[in-house]
Amino acid sequence: MTTDRRIYSYSAVLMGSPILLKLFEHNESLAARVFRLIKAHENILTVNRPHSDIMAINHAAGRQPVVVSQPIFEIIKRAKAVSLLEGSCFNFTIGPLVKRWKIGFSGNTVPDSDELQALLALTSPDDVQLDESSRCVFLAKAGMEIDLGAIAKGYIADIVRDFLQQEHIENALINLGGNVHTIGAGDDNGAREEGGWAIGLKKPFADAAALIGVINVANKSVVTSGIYERYFELDGRCYHHILDPKTGYPLDNELLSVTVICDDSIDGDIYTTLLYGMGVEKSLAYLQQCADIEAIFVTRDQQVICSSQRQFSFALTDTAYRLAN
Ligand code: ADP
Ligand code: MG
């Protein structure tokens, strides 16, 4: 535990990620309850262990429907709807490809294209049959696998936010491995008139503590997805963990990272992946229609592009990067 401006920080490693909780009070038992809550939901949603509610669905692929709880049915329904959006690069049935690539885990090799084609045939979101009345989920083809890796942290961050609010916590920050949620006006009263939490925008492929700049928000979620978080290099190429559901290869465009600022972290998590797939130009046009969702794009040519700054402010600190307008 450290104290900084009377902020108390608690950390853990869960969901394969460093987790940080900041409170304005010393409350170890509250921190322990938050970490238990995260762990309980990780146990339900994970696909990185043999058993979980999601793995029960995957094990029954091609054989039988599985009954799930209402919240799990809802998250699956949402993930399916987002996967079926026109042109969406979000695909929650990407599991067979994720398992094959093993990016971020040991034993990385590049699959050949025949192998990828065979696995792509198992990644049609339409093959996930949902029955609302019985809360049944059925993966129609053997070998199919749901993977909620692009939405689970956001879903859990919102649960933590709701829990802290029920506990009457007025100021807190939770960081689930790049998925940040904030409650209240935070610790950085100088940066915005109304105060705010200062959240670092990570510098890609640099030291873990290196930042491009600082995002300042209050009562918002800030989710970043980047190609530098989990990747491996082979023969001079970088293979990262966000896969293109059309090709089966890692998504390849001008982006190094996308950060989404919005109210609910589940939306932030979904949109980082969706916008990543759209690229900068399409995303900026798309976001003009979405007043509630804002984004910061970091490109390979070292530009930082903000969609708008209604819900946050951003200060660039690394002069190697340029702020585009
Ligand atoms: P992170 O916070 O780990 O960067 P993301 O929200 O970027 O997570 O999601 C990446 C994870 O989502 C991958 O590790 C994988 O489990 C899964 N995934 C990979 N590609 C896709 C995709 N196109 N659509 C949905 N999920 C994906
Ligand atoms: Mg995501």
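Reply: What follows takes the terms one by one.

This is a predicted model, in which local features need pLDDT of at least 70 and side-chain atom pairs count only at pLDDT 80 or more, while totals for chains, interfaces and linings use all residues. Residues are numbered from 1 along each chain as its sequence is written, chains are lettered from A and ligands numbered from 1 in the order in which they are written, and side-chain values use heavy atoms, with hydrogens and water left out.

Me: What makes the protein chain as compact as a globular protein of its length?

Reply: The secondary structure of the chain comes to seven helices and 18 strands, counted as DSSP runs numbered from the N terminus (helices H or I, at least four residues; strands E, at least two). Its radius of gyration, taken over C-alpha atoms, is set against the globule rule, 2.2 Å times the number of residues to the power 0.38; the value is 20 Å, close to the 20 Å that the rule gives for 325 residues, and therefore the chain is as compact as a globular protein of that length.

Me: Which atoms are the protein donors of the magnesium ion (ligand 2), and why do they count as such?

Reply: Donors are N, O and S atoms within 2.8 Å of the metal (3.2 Å for Na, K and Ca), and because water is not among the atoms, sites may look incomplete. A150 (O), D269 (O) and D269 (OD) lie 2.3 to 2.7 Å from the magnesium ion. A150 belongs to the loop between β6 (136–139) and α6 (152–166) and D269 to helix α7 (residues 265–287), so the pair ties together parts 119 residues apart in sequence.

Me: Why is D269 called buried, and how is A150 classed?

Reply: Buried means under 20% relative accessible area, exposed over 50% and partly exposed in between (1.4 Å probe, protein chains only). D269, with 7%, is therefore buried, whereas A150, at 26%, counts as partly exposed. P250, in the loop between β13 (237–240) and β14 (255–262), has 11% and is likewise buried. Buried residues make up 52% of the 325 residues in the protein chain.

Me: How do you know which rings count as aromatic pairs?

Reply: Rings of Phe, Tyr and Trp (its six-membered ring) pair if their centres lie within 6.5 Å, with planes under 30 degrees apart counted as stacked, over 60 as edge-to-face and the rest as tilted. A search of the whole structure finds eight such pairs, and W101, F232, Y239 and Y249 form one aromatic cluster.
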